[in-house]
Amino acid sequence: MSSELLFQQALNGLSFGALLFILAAGLSLVFGMMDVVNLAHGAFYMLGAYLALSVVQLTGSFWVAMLAAPLALGLLGLILEPLLLRRLRGRHLDQVLLTIGVSLIVVDQIGVVWGREVRSLAAPAGLDGSVALFGGDYPAYRLFVIGLGIALAAVVTLVYRRTALGMHIRAGVEDAQMLGALGVDIDRLFALTFAAGAALAGLAGVVAAPVFGLQPGMDVDALLYSLVVVVVGGLGTLGGAVVGSVLIGPADTFGKVLFQEFALAVIFAIVALVLLLRPTGLLGRIRIAR
Amino acid sequence: MRRVFIWPAAAIGAAALVTFPYWTAEWESSRFATTVLRDILVFAIFALSLDLLVGRGGMPSLGHAAFFGAGAYAAGVATQRLGTDQLPLTLGAAALVAAALALLIGTLVVRSEGIFFLMLTLAFAQIVFAIAFQWTSVTGGSNGLAGIARPFLGGIDLNPPDRMYVLVSATFLAVVLLVRAVAGSPYGRVLVGIRENERRMRALGYDTARIRLSAFVLAGSIAGIAGALSAYSLRFVSAQDVGIGTSIRAFVMVLVGGAGTLAGPVIGAAVVLYVERILSSAVPVAETVLGLLFVAFVLLARQGIVGIGGAAWARMRR
Amino acid sequence: MGSDAPLIEVHELSRSFGGIRALDSVSFAVQSGERRAVIGPNGAGKTTLFNVLTGEIAPSGGSVRVAGDDITRLRPWQRARRGIARMYQRNELFAPLAARENVALAVSARAGPYRFVGTPSPAESAFADELLTRVGLAGREGVPARALSHGERRQLELAVALAQNPRVLLLDEPTAGMSPAETARITELIAGLDRTLTIVIVEHDMDVVFRLADRVSVLHEGRVIADGTAADVRGDTRVNEVYLGKVVVR
C-alpha cells in the first residue's frame, strides 16, 4: 500500500472512529447511569438520519438538521423514559427488553413514513469538496467529522468533569441509589440522561448520513458497532467509549481494505481477545445487573 | 382423576397434529393452513430451544438465530453442494454444525450474566450474520441458497408438502418430549438453581460456567435442527435466518407465550406467525404490532400468555 | 484431635480494596475437629476472610492450605468439592424453590450435574428431609424459601451447608437476626455437630462464641490481634480496648 493510500485509510479510520464515538457515547452514558443497554439506540440513530432528510428537504440547511434532529430525539427520549422505562425501575433486564420493543416500533414506522428504499443525504455546501492533504485529496466532510468528534469529546469531558450536572452524572454512574438518597431528583436525572443518549444517537445519525446513506438495516449496523465499541472499551465509562472507538474505527477500516470479505472477522477477533483477557472491557467496571 | 386423562388426550392430540394435512384435505386444498402450521411448528422448535436458555437457565440470549441459521445453511449446503440427500445425515450435520458454533460462541459468552450476556450474544450473532452475508462462495451471500431439494428418509421422498409437514410435526413432538424430559431431570433442576442463585451453586460445588455452556450447546443444537427444517420447508436459506430479526422474533415468541413453560414458546410462535402472516395482509405493520405486543407484555404481563392463563385459572378455582 | 498438622492453615493472607487493607497478613491455623471463632468489630475483615477462604475473592498475597493442599488458586466450586461448605451471612437461598429442593441441590452436587433422567433418588430425598428435621424445619419441607420466616431461612441456610457433607464448615454469623429461642436452638445444633467436622464461625454474639469455640481469633482492621482460648481472649487487654463499648463481655 502506498503511503498516500495508507494515509487516506488512516484518516478514514479516524473519521469512522470519531463517528463511532458520537454514536457509542450515548449508549455508554445510559448504561453507566441507569444500568440499561438501550437496544433502541440504533433505531434512534436511524430516526435522526431520516429526520435530517426531511428537515433538509424543508429548510435546505444541513446545519438546521444537525440541530433539529438531536433535539427531536432528545424530546422523544424525554417522553419515553418516564412513560415506559420508569415503570420498570430496578428491573434492568426487562428495561432492556422494553427497548427492543421500542426499536421494533420505531424502525417499522420509519419505513412507513419514509419508505424502504435507499436514500442519500448530501454533505452541506462548503464541506462537500476535497481538501489537499499530504499530496492527496481528502473529502472535507470527513475531516469535519473528525473535528466534530474531538470537539464533542472535549465538550462532554468538560461538562462531565467541571459542571454540577456532570458531577451528578458521575455520581449517578457510580451509585444512583445513593445519589437519590442524598436528595437528588433521580427521576429527572434519568430522564435527562436517556434523552441525552437519544440525542447523541440522533446526532450520530445526521452526521453519518452523508457518508453512509440511509437504508433499512442501518439501525442494526449502528447498534452492533456501538455495542462492540463499548464492550471493547468498557461499559459505562466515557473514556471507554473513546478507547473503544479509537480502536474499532481504524480496525474496521483497515480490516475492510485488507481482508474485504472477512473484515468483521477482524472485529470479532478483537472483541474475543478483549473479552477473554478482560471480561468487563478495557476500561469497564464489573456490573452485576439482572 | 384428571391425571388419567392427560396421556390419552395428549396422544390423540399428537396424532391429530401429525396427520393434520390428511384430515383437512377436503376443505383445505390450497394447503395454506398446513403451510402456516408447519412454519409455526418449525419456529416452535426454535422458540423451545431458546426457552431452555432464557426461561429455564436464566440466560437471555439475543443471538440464538446464529445457530438456527447455521443449521439451515448446513442443511442447504449438504444437499446442494455435497450431494448428501439422506435426512439423518443432513439433520445430523445441521445439529453438529450448530453445536460447534454454539461451543465456540458459548465459551466466550458463558462467563457473563444478565445484560452483559445479552449484549455479547447479540454482537457475536451479528458477526456470524456478516460472515454469512459476505461468504458468498458458501452461503450464497446476499442471495442465499435457493431451490434446496428436500432430502430422503430411506426411500421416502420428502418433497411432497404433506410428507414435509409430517416430518416437521413429528420432530416438533420429539423436541417437546426432549425439552420436557430435560426440564424435569436433575440437570434441569441444576439449571434452575443456576438461574436462581449462581453464586450459591458454585459454593455447592457446581462448575456453573461449564454447565451453562452445556445448556448453550444443547439449545444451539436444537435450534440448528429447527433451522434445517426451515431450510427444507421453504427450500430457501438467507442471511436473514442468522440475523438479529430472527433472534428477536424468537425472543418475542418466548416472552409473549410465557418463558419457562412448555406451552409458552409454542403459543408464542403461533401468535407471532399469526401477526406476521395473517394480520399483516390486512394491516401492513406487523413489526409495529409485534413491538407493541412485546412492550405490553414486558410491562403488564411478564409471565406471558401462559401466565395470564394460569392467573385466570387460579382465580376461577377460588 | 488427630495428627499435629493443622487442617486449615492461613498464611500471611492479604487483600486490599483500592486503598483499604481489608486483610493484612492474616495468619492462623485450625486443627481438625476444632471449633474456631473469628470475632472483631464491624469492618475488621471477617467476611472478606471468608470470601477469600471460599475462593470468591482472590487474595493479594498469602496462601490458604487445607489438609496440606494449597488451595489459594482454586475456584469456589473446586473448593466445595474438597469439602469446604459455607453458611452465608445474608442468606443465599433459591427463593422460589421449596426448602427440600434447596437442600436437594446441595445433596445432588456430589453426583454431578449431567443426569438427564430420573427424579431425586429416595436416598437423597430421605437425607434432605432428615437434615431439615435436624435443623428444626420438620413440616416445612415443601414451603418455598421466600415464604419462610427469617429464622427459618437461617435454619435452611445451615441445612444447605450441612447437606454438602463437608469437612470444613464456615459459618458466617449463623445467629444473625434470630430471636433468643432460635439462637439457643441453632447454637445447640452446631454444638452437637460431629467432631469430624472442623468449624470456623464468625460471630458477634459472645454467648454463642463462648458456648461453641475451642479457640478464638480476634480481627481488627484486617489484622489478627489475639489468638487463644476463649478465656485467654476474654482477659486480653487489647481485645478489651478494641471492644470497649461495643460488646458486653460477661
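In chain B, the axes of helix 3 (residues 32-56) and helix 12 come within 9 Å and cross at roughly 75°. Axes are lines fitted to C-alpha atoms, for helices over the stretch in contact, with angles from 0 to 180 degrees between N-to-C directions. Helix 3 of chain B and helix 12 of chain B are therefore roughly perpendicular (65 to 115 degrees). This is a predicted model: local features need pLDDT of at least 70, side-chain atom pairs count only at pLDDT 80 or more, and totals for chains, interfaces and linings use all residues. Residues are numbered from 1 along each chain as its sequence is written, while chains are lettered from A in the order in which they are written.

**The helix crossing in chain B**
- Helices are DSSP runs (H or I, at least four residues), numbered from the N terminus.
- Helix 3 of chain B brings residues including B:Phe43, B:Phe46 and B:Leu50 to meet B:Ala250, B:Phe251, B:Met253 and B:Val254 in helix 12 of chain B.
- By class, this contact between helix 3 and helix 12 of chain B has nine nonpolar, one polar and one charged residues.
- Ala, Val, Leu, Ile, Met, Phe, Trp, Tyr, Cys and Pro count as nonpolar, Asp, Glu, Lys and Arg as charged, and the others, Gly among them, as polar.

**Chain B against chain A**
- Of the two pairs of chains that touch, A and B have the most contacts.
- Two residues are in contact if their C-beta atoms, placed from the backbone, lie within 7 Å.
- Here 32 residues of chain B contact 37 residues of chain A.
- Helix 6 of chain B gives the most to chain B's side, with 13 residues.
- That side divides into 23 nonpolar, six polar and three charged residues.
- B:Ala123 touches A:Leu224, A:Leu227, A:Val228, A:Val231 and A:Val271, not counting residues up to four places away in sequence.

**Chain B against chain C**
- 20 residues of chain B contact 24 residues of chain C.
- Helix 9 of chain B gives the most to chain B's side, with six residues.
- By class, that side has nine nonpolar, five polar and six charged residues.
- No contact joins chain A and chain C; their closest C-alpha atoms lie 13 Å apart.

**Confidence in chain A**
- Within chain A, confidence is lowest in helix 10 (residues 263-277), at a mean of 72, and highest in helix 2 (residues 41-59), at 96.
- Over residues 286-290 of chain A the pLDDT is below 50.
- Where pLDDT is low, the predicted coordinates should not be read in detail.

Note on methods
Helices (H or I, at least four residues) and strands (E, at least two) are DSSP runs, numbered from the N terminus. Angles under 35 degrees count as roughly parallel, over 145 as roughly antiparallel, 65 to 115 as roughly perpendicular and the rest as oblique. pLDDT is the predictor's confidence in each residue, from 0 to 100.
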